[in-house]
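Below is a short report on one protein structure. It covers packing, a helix pair and charged contacts.

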Amino acid sequence: MNTTEQKIIESFNIALPNPEIVELRLAYWRGHVPKFIQDTDPALLTAKYQRLLANWNPSTGAGLVGPTGCGKTRSMGLLMVKHLLSQPLTGEGIRYLAQNPNADAHSVRWAQERIVGDERHRLDGRPTAIFISHSDFASQASTTARSGDFEEWISDFEDCEFLGLDDIGKATRGDRATGALFRVVDHRYANGMKIAFTTQFKSEDLAKLIGGDYGPALVRRLKEMTQTPKE
């Protein structure tokens, strides 16, 4: 963990798992967000986004709306790592310790090693948290449709624990990409799964940009799924 990451974590106001788990989750985050987000000093964000980082409950969604350059993309990237660090540990090691509070030292060491192994396996599997721009999402939707990999591709966005969509409204409009975006948002909406997004557009403008019947329905779902930080 570097100095910037220490500052980021200190801004969250959360209890951390053990250092090995923290490092595994930080490594996952580093591999899934742009470098400029990793280098963000939370003290340089606006007061609105500093409050968001401190008070955001990882069980809820977040909608970050504002002009270009206000820090919303950086802030959403930091919400992603807060989500990762806040997730409870699962697996055989955790179950063993819960069921055997008086286990001997050898068994405790085994359980602790198993906890780390379970976490590594979880993070190496299907995406746990995804950060993607709307433009890249639209491009990948078109590419996977042509290659025949669309269903496998889109299922990651539907089922991951945390989905961060950056700059909604910036992608070139197309039926395939727009339909894919609506499908993902609708799936997560119907199943009570959180989502975070950024956009520079007000609701009515975003609905027009997305277009057709999808626009108003998608914006309505995003508003219901997320909390928008106040000034």
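The report starts with the basis of the model and then turns to its cores, helices and salt bridges.

## Basis

This is a predicted model: local features need pLDDT of at least 70, side-chain atom pairs count only at pLDDT 80 or more, and totals for chains, interfaces and linings use all residues. Residues are numbered from 1 along each chain as its sequence is written, and side-chain values use heavy atoms, with hydrogens and water left out.

## Nonpolar cores

The largest nonpolar core has 32 residues. A nonpolar core here is a set of buried Ala, Val, Leu, Ile, Met, Phe, Trp, Tyr and Cys residues joined through side-chain atoms within 4.5 Å. Buried means under 20% relative accessible area, exposed means over 50%, and partly exposed lies in between (1.4 Å probe, protein chains only). F12, W29, L64, L78, L79, M80 and V81 touch the most other members. Two or more residues each come from α1 (3–10), α2 (19–30), α4 (47–55), β1 (61–65), α5 (72–86), α7 (105–124) and β2 (129–133). Helices (H or I, at least four residues) and strands (E, at least two) are DSSP runs, numbered from the N terminus. α5 gives the most, with 7 residues. Another core lies apart from this one; it has 27 residues, among them I132, F182, L218 and V219.

## Around L64 and S75

Which residues does L64 touch, not counting those up to four places away in sequence? They are Y49, L52, K72, S75, M76, L79, F197, T198 and T199. Contact means heavy atoms within 4.5 Å.

S75 is found in helix α5. S75 is buried, at 0% relative accessible area. With residues up to four places away in sequence set aside, S75 touches L45, Y49, L53 and L64.

## Helices α8 and α9

How do helix α8 (residues 134–147) and helix α9 (residues 150–159) cross? Their axes come within 8 Å, at roughly 150°. That makes α8 roughly antiparallel to α9. Axes are lines fitted to C-alpha atoms, for helices over the stretch in contact, and angles run from 0 to 180 degrees between N-to-C directions. Angles under 35 degrees count as roughly parallel, over 145 as roughly antiparallel, 65 to 115 as roughly perpendicular and the rest as oblique.

From α8, F137, Q140, A141, T144 and A145 meet F150, W153 and F157 in α9. The residues of this contact divide into 6 nonpolar, 2 polar and no charged. Ala, Val, Leu, Ile, Met, Phe, Trp, Tyr, Cys and Pro count as nonpolar, Asp, Glu, Lys and Arg as charged, and the others, Gly among them, as polar.

## Salt bridges

The structure holds 11 salt bridges. Each is a side-chain nitrogen of Lys or Arg within 4 Å of a carboxyl oxygen of Asp or Glu. One of them pairs R30 with E5, the closest N and O atoms being 2.7 Å apart. R30 lies in helix α2 and E5 in helix α1, so the pair ties together parts that are 25 residues apart in sequence. R30 is partly exposed at 26% relative accessibility, whereas E5 is buried at 2%.

R114 bridges to D118, with the closest N and O atoms 3.0 Å apart. The two are 4 residues apart in helix α7, about one helical turn. R114 is partly exposed at 32%; D118 is buried at 18%.

D186 pairs with R221 at 2.8 Å between the closest N and O atoms. D186 lies in helix α10 (residues 175–190) and R221 in helix α12 (residues 214–225), so this bridge ties together parts that are 35 residues apart in sequence. D186 is partly exposed at 25%, and R221 is buried at 15%. Salt bridges that share partners also join E5, E23 and R30 into one network.
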